[in-house]
Amino acid sequence: SYRKGGYHAVRIGDPFSGGRYIAQRKLGWGQFSTVWLAYDTLSSSYVALKIQKSAQQFAQAALHEIEFLSAAADGDLQNTKCVVRLIDHFKHAGPNGQHLCMVLEFLGDSLLRLIRYNRYKGLKMDKVREICRCVLTGLDYLHRELGMIHSDLKPENILLCSTIDPAKDPVRSGLTPLLEKPEGNANGGGGSSTMNLIEKKLKRRAKRAVAKISERRVSMVGGEASSNTERSLDGIDMRCKVVDFGNACWADKQFAEEIQTRQYRAPEVILKSRYSFSVDMWSFGCTAFELVTGDMLFAPKEGNGYGEDEDHLALMMELLGKMPRKIAIGGAKSKDYFDRHGDLKRIRRLKYWPLDRLLVDKYKLPEAEAKEFAEFLSPILEFAPEKRPTAQQCLEHPWMNVVSTQNNADNVESQMRNLHIKG
Ligand code: ATP
Ligand code: MG
Ligand code: MG
């Protein structure tokens with residue numbers, strides 16, 4: 001993919017945008033881009049630099065993403081609404097073409113990595129609640145204030161807020177800022193001999209610093225699981241933000257029929273019925289389940305005589321009960337999967353296993369905890385899109401506002417202490 005129209009090859013210490021940003025190390029990549037940790041010499045802080053592939057369709061996609069990220073940033077001046085912040089964007093010319101680059105606030109590991117780190121055993125309920133509060137805050141903002149549908153919500157696209165602030169705390173993080181401002185005109189391009197000297201110096205220093213930030217980053221959640229000892233997430237702050245707006249759309253200007261990643265796809269999208277904000281709520285429900293159990297809620301596979309879509313619909317009904325006939329037969333693709341009674345054409349025998357039982361029998365949740373969580377989740381997984389609660393309604397749900405048992409115990413104890421003091 002590192003050829004004409006593809007990724008831009010980056011070396012540590014490479015300058016971007018006239019020397020404002022200096023590449024530090026690769027953070028990740030996707031189908032469209034590579035993402036680098038970079039040092040922003042203007043604000044003396046670390047940022048994530050997303051460098052898009054250069055071909056026309058990727059540039060188009062980047063412009064689309066920039067439109068949505070800009071709208072999200074413009075409506076959230078305080079940067080409190082749990083959506084990744086776009087700081088800047090520019091074009092970068094390289095041997096493979098012109099690359100659109102997005103400068104984003106530097107975030108930490110994805111929830112997918114968090115789930116892996118926890119060995120697919122699921123997180124404690126209080127941690128899940130903290131994460132859900134952030135994601136719902138983000139969705140409520142996108143939906144209600146901006147009229148935007150994210151269309152690709154999933155653990156991979158939710159990133160923990162980095163606890164590292166290398167710029168503010170260089171001693172603790174073992175990092176020193178990697179760059180003094182280029183001499184003379186801050187926007188002056190490369191080429192001069194001073195610039196070359198600075199660059200060489202930078203690259204050496206960057207290489208040394210990179211090893212250190214790698215260590216710190218891993219310590220954020222502790223790296224990949226390797227042994228069998230219990231992992232503790234105690235004390236790790238579970239704030240997070242929604243990222244990856246490459247598939248976002250305005251609710252009143254939809255263009256794509258097939259949206260969302262397979263496992264997080266809502267039934268109305270599979271059936272090609274009308275869809276709206278509530279598709280994000282469905283994906284949110286799937287994500288919340290995965291955080292609690294460590295397993296994907298629906299992992300459809302094609303089988304003997306039926307396709308992935310039909311298996312997906314069958315899995316949904318096994319968990320949630322039979323789909324109301326009106327919904328089952330109401331989509332442009334309904335006839336491919338359902339007969340006129342609203343029964344699946346090729347998968348005739350369903351094994352029902354309702355959510356609250358599944359949580360207890362398979363995932364060994366305590367009865368009360370399973371019941372509370374199922375009461376929160378079930379309405380979000382309604383087949384009828386208009387019956388699903390909004391993000392705002394979810395935030396007000398009793399489950400979101402449960403005080404943890406540990407906190408309860410602490411509260412009782414401190415109340416007792418107060419009584420003693422008073423007495
Ligand atoms: P996709 O194929 O998923 O659409 P993409 O090319 O649009 O990929 P992103 O999903 O935006 O790219 O980012 C790719 C990866 O880079 C992420 O999974 C994450 O690991 C990392 N990343 C993205 N944004 C940030 C950020 N703001 N801070 C830290 N890491 C990030
Ligand atoms: Mg992504
Ligand atoms: Mg993307």
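Residues are numbered from 1 along each chain as its sequence is written, with chains lettered from A and ligands numbered from 1 in the order in which they are written. Because the model is predicted, local features need pLDDT of at least 70 and side-chain atom pairs count only at pLDDT 80 or more, whereas totals for chains, interfaces and linings use all residues.

The protein chain holds 14 helices and ten strands, taken as DSSP runs numbered from the N terminus (H or I and at least four residues for helices, E and at least two for strands). Of its 423 residues, 39% are buried, where a residue is buried if 20 or more other C-beta atoms lie within 10 Å of its own, exposed if 12 or fewer, and partly exposed in between, with C-beta atoms placed from the backbone. Among the contacts with a separation of 6 or more, 67% link residues 24 or more positions apart, a contact being a pair of residues whose C-beta atoms, placed from the backbone, lie within 7 Å.

Six strands form an open, antiparallel sheet in the order β1-β2-β3-β4-β6-β5, two strands being paired if DSSP finds at least two bridges between them. The edges are β1 (15–16) and β5 (86–94), each of which pairs on one side only. Helix α1 (residues 56–74) packs on this sheet and touches β4, β5 and β6, its direction making about 25° with that of β6; axes are lines fitted to C-alpha atoms, for helices over the stretch in contact, and angles run from 0 to 180 degrees between N-to-C directions. Within the sheet, seven bridges join the antiparallel strands β2 and β3, and Ala23 stands opposite Ala38 in β3.

The shell around ligand 1 draws at least two residues from each of β2 (21–29), β3 (33–40), β4 (45–52) and β6 (97–105), and the largest share, three residues, comes from β2. Of the 21 residues around the ligand, Gly28, Gly30, Phe32, Val35 and Ala48 come nearest, a residue being near if its C-beta atom, placed from the backbone, lies within 6 Å.

Most residues other than glycine have a negative phi. Ser44, in the loop between β3 and β4, has instead a positive phi near 50°, and is partly exposed, with 13 other C-beta atoms within 10 Å. Asp244, in the loop between β9 (240–242) and β10 (249–250), likewise has a positive phi, of about 65°, but counts as buried, with 22 C-beta neighbours inside 10 Å.

Key:
Two residues are in contact if their C-beta atoms, placed from the backbone, lie within 7 Å.
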